[in-house]
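Work through the exercises below with the sequence and the structure at hand. Each task is followed by a stepwise solution.

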Amino acid sequence: AQRETFSMEYRLRYHDGSYRWLLDCGNPIFGLNGEFLGYIGSCYDIDSSKQVHERLQQMSLLFQHSREALIITDAQIRITAVNQAFTDITGYGVEEVMHQNPSLLKSGLQEPLFYAMMWDRLKQVGFWQGEIWNRRKDGDTYLAWLRISAVRNEAGEVSNYLGMVADITEQRAAEKRVRELAYFDPLTGLPNRSLFTDRLNQALAHADRDNWSVAVIFIDLDHFKQINDSLGHQVGDGILRQVARRLRDNIRRSDTAARLGGDEFALVLPDAQDETVIDVVRKLSDALAHPYQIGEHQLAVTPSLGISLYPQDGQDGDTLVKHADMAMYQAKMAGRNGYQFFTAEMNVASFERQMLETSLRQALEQQEFRLLYQPLVDLKDGHIVGAEALLRWQHPQLGLVPPSRFIPVAEECGLIVSLGDWVLQEVCRQWQDWRDSGLDSRISVNVSSRQFQHRGFASRVGQILAEFEIPPGVIELEFREDTVMQKPALALETLRQLKQHGIKLALDGFGSGFSCLTRLQEMPIDRLKIHQDFVREVNRQQVGETSIAGTIVRMGHSFGLEVVAEGVETAEQLLRIQDESSDLAQGYHFSVPLPAERFTELLRYQPYHYDEPTWKTP
């Protein structure tokens, strides 16, 4: 308005095209009679100060909205400023810490020497970073990643210290959990096969250097399967957990006890003398044979133990484990609830293996193999969307031989490639039959480690699919983590070749081996199958708790993978796994493995009814 002092800021374009901020200030001028004559004032170039002001505003915003806690102190290490993240992490308000020493955050978990070395480093190089335990206002401790920088003035003197703090407690807990999944059995907490193998190899290396003897003890629980089948897996799992506890309580600190799978346990005893081994074995036998109280059940479960010794019984870990397994089998044959040391005579068992190999070579020619199919159910609508083909051997004298018995022999003698070809060809023929009948179902086939590693495996698979004119996406190959972890680079190339043939790929039993997330991201897989141990675990989770199965589902989805819960055996497991948002499921709750003709009936029985499991119906 006229006749009033004014000031205004505005941008002006200069002749060179640039813009600068200017400040105009003016005062009104009046004549002798009070008439308004005009303004007198001045114009200032404030572009530099404007830019400085804007930078200060930006720095203030960065300071206040940083996700890391920021602390500024003066040269006397008194706090002069903190941001909102500092309050969120520590619980202290600005007024409570102003002019205080940051030592009020000390947890007391670190020695004075730690802090002395930290400040010594700061004085020398002006920077320090590392992990540190701090304490919040409420007394809780947390693990933090701290970075401290010394700020110097123009004279080179320290004027301030800037600290940046990130709470990494949850991050470290997650990393620890991933390590546990990779190296420890989730049910018992014992080392798994991967860690057991590593510990055994370490013990053998020390034995060579120090002229030690090493003992490998293989343990199998007598009649455990009957208890598991009759009383349920919850009781069986309770026994396994108590076995693990008794093993830990009855071995030396230098020994390793591991769960290899199922009811099989193994121990490594470094620096083992014969007398020491016998004492340990007897102590373990007595401890494991003591009755187990699982809920209302008091159960007697006895162990059979086999022992092999390095160097006399084998020069490497695989041989020692194999011979300890042979000795354990002999303990079972001798009446169970006992132990046996490996002897050369036990190699008689290899004669049986040779007979099994001879029978295997004839089995393909005599058409003794057959395939069973277990349905894969879509949890969104209950439809059967696929089948897993399961190989069985109907031996004329031995009866139904389980894969666990003949697949290892087939791998060792090289028959696994021919056997794998037969399985894939039969699956292709079956799919053609379903297609001709107007039915549609994807079929997944398990691939053994030796089969996968065979040269030309991917080309052979592509050739078979081409012969049967199988369209892309119909056949899925399942492989386990240890299959691709042995030679990761070659395995990755094989997987990529299989994808080029239009084959779906699934990682089976995820979580039971070395679950390397980096490798998982690299692998061109389509589906993740949760190991049945984690599916069983959901029964033990309280409502609202995060299960390992649920974690795997979310992780798989974050990688863009379809997730399958395998080994679903109860309605409760089904409901919980649905709550965890698994995409698909399979297991005895839906159906036992079925011959092709009965599975064909299931395909026509759509959608699937969860309350009428087929294994319970005629």
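**Exercise 1.** Which residue in β2 is the bridge partner of M8?

Solution. The model is a predicted one.
- Step 1: locate the two strands, β1 at residues 6-13 and β2 at residues 19-30.
- Step 2: look across from M8; its bridge partner in β2 is D24.
- Step 3: check the connection. Five residues lie between β1 and β2 in this hairpin, and G17 in the turn has a positive phi of about 90 degrees.

**Exercise 2.** Why do the buried residues of α7 line one face of the helix?

Solution. 
- Step 1: list the buried residues of α7 (residues 224-231), with under 20% relative accessible area as the cut-off: they are F224, I227 and N228.
- Step 2: look down the axis of α7. The buried residues fall within an arc of 100 degrees, so they line one face.
- Step 3: recall the helix geometry. An α-helix has 3.6 residues a turn, so residues three or four places apart point the same way.
- Step 4: turn to the other side of α7, where K225 and S230 are exposed.
- Step 5: identify the cover. The buried residues are covered by elements including β9, α8 and β13.

**Exercise 3.** In what order do the five strands of the open sheet lie?

Solution. 
- Step 1: read the order, β10-β11-β9-β14-β15, with mixed pairing.
- Step 2: find the edges; β10 (256-261) and β15 (338-341) each pair on one side only.
- Step 3: take β9 and β14, which run antiparallel and are joined by eight bridges. V216 has S308 in β14 as its bridge partner.

How values were computed
Residues numbered from 1 in each chain as written. Predicted model: local features only at pLDDT ≥ 70, side-chain atom pairs only at ≥ 80, totals over all residues. Heavy atoms only, no water. Pairing = 2+ DSSP bridges. Helix = DSSP H or I, 4+ residues; strand = E, 2+ residues; numbered from the N terminus. Buried < 20%, exposed > 50% of the residue type's maximum accessible area, 1.4 Å probe, protein only. Arc of directions from axis to C-beta. Contact = heavy atoms within 4.5 Å.
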